[in-house]
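This report sets out the computed features of one protein chain. The sequence and model come first, followed by short sections on the annotated spans, the overall fold and selected residues.

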Amino acid sequence: MRQFGGNQHYKVVCAMLFKDSVNLEIVNKEYRTPLLEAVSNGHLGIMQRLIARGANVNFVEHGGNNCLHLALKRENNFHSEVEHMTMLDQFCVELKLGNEERCSGVVVASYLAHHGANFYCKNKSGRTPFDLIKKEKLKKTLKTLFRPTQCVFCEDEVATETFFPCKHLSLCKKCCPQKIPKRCPMCRQNITSKNSLGKNTV
């Protein structure tokens, strides 16, 4: 999947994504999906296309890292922005960052979180994406923007179970039955699979 990282392959990747048979959850030896690879390699254009196509933003690789961990671990800015992403400008303003940080890991992580990626996912070292942010003021702002979702049943515990295809994060582990429910408790759409925070789809 690494060969899809460069700009020269952008059109090829887009053409592949139009096919119904494309597998967005295919993984490499590091257990990374195309989305995780795009984030790890800093390719905004491919990342944007994969999300639009329905890629799972909470898939985790072998180390338990989701796309937010990988975005925040990047030392260099993201690149390959094929179409201007106005949402990056908006998060720059909300986070009170300069335009030079528009394509930084923390701004891109905010974009990914807006699309459902979870800042409260712990990797195998017990670290959340928040733990990778060194500036306390910035971390506090992000925690205000992206508060944990509460379970719709008990309303006490943090929701950890996401249902597909609707992608609603709605129940905590205690309230979610061992057997996958037939319908989403929020939208009543039929459920085909579920994803537990920090684990992959079952």
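## Annotated repeat and basis of the model

At which residues does UniProt place the feature "repeat: ANK"? The unreviewed UniProt entry puts it at residues 30-62; such positions are given in the numbering used here, feature names are shortened, and annotations may be inferred rather than shown by experiment. Over residues 30-62 the chain is 52% helix and 0% strand, and the C-alpha atoms at the ends are 6 Å apart. Helices (H or I, at least four residues) and strands (E, at least two) are DSSP runs, numbered from the N terminus.

The model is predicted: local features need pLDDT of at least 70 and side-chain atom pairs count only at pLDDT 80 or more, while totals for chains, interfaces and linings use all residues. Residues are numbered from 1 along each chain as its sequence is written, and side-chain values use heavy atoms, with hydrogens and water left out.

## Overall fold

The secondary structure comes to seven helices and three strands, in the order α-α-α-α-α-α-α-β-β-β along the sequence. The radius of gyration is 17 Å, close to the 17 Å that the globule rule gives for 202 residues, so the protein is as compact as a globular protein of that length. The radius is taken over C-alpha atoms, and the globule rule is 2.2 Å times the number of residues to the power 0.38. Along the principal axes, the C-alpha atoms fill a box of roughly 45 × 45 × 30 Å.

Of the 202 residues, 47% count as buried (buried means under 20% relative accessible area, exposed over 50%, partly exposed in between, with a 1.4 Å probe and protein chains only). Among contacts (heavy atoms within 4.5 Å) with a separation of 6 or more, 56% are between residues 24 or more positions apart.

## Surface and charge

The accessible surface comes to about 11,100 Å², of which 51% belongs to carbon and sulfur atoms; areas come from the Shrake-Rupley method with a 1.4 Å probe, and for residues only the protein chains shown count as cover. There are 30 positive and 18 negative side chains, and the centres of the two sets lie 5 Å apart. Lys and Arg count as positive and Asp and Glu as negative, with His and the chain ends not counted; each charge is placed at NZ of Lys, CZ of Arg, CG of Asp or CD of Glu.

## Within residues 30-62

Y31 is found in the loop between α1 (10-17) and α2 (34-40). Its phi is near 60 degrees, a positive value in a residue other than glycine. Y31 counts as partly exposed because its relative accessibility is 32%.

In helix α3 (residues 44-53), the buried residues include L44, G45, I46, M47, L50 and I51. An α-helix has 3.6 residues a turn, so residues three or four places apart point the same way. Just after α3, G54 takes a positive phi of about 105 degrees.

## The RING-type span

UniProt lists residues 151-188 for "domain: RING-type", again in an unreviewed entry. This span is 0% helix and 21% strand, and its end C-alpha atoms lie 16 Å apart. E155 is found in the loop between α7 (136-145) and β1, and has a positive phi of about 60 degrees although it is not a glycine. With a relative accessible area of 58%, E155 is exposed.

S170 belongs to strand β2 (residues 168-171). Why does S170 count as buried? Its relative accessible area is 0%. Beyond its neighbours within four places in sequence, S170 is in contact with Q150, C151, V152, A159, E161, F163, P185 and M186.

## Loops around β2

P165 lies in the loop between β1 (161-164) and β2. A cis peptide bond joins F164 and P165, with omega about 15 degrees.

C176 lies in the loop between β2 and β3 (193-196) and counts as buried at 11% relative accessibility. Leaving aside residues within four places in sequence, C176 contacts E161, F163, L171 and K194. N190 is also in the loop between β2 and β3, but is partly exposed at 48% relative accessibility. Not counting residues up to four places away in sequence, N190 touches F164, P165, K182 and R183. N190 and F163 are 27 residues apart in sequence and 9.2 Å apart in space, C-alpha to C-alpha.
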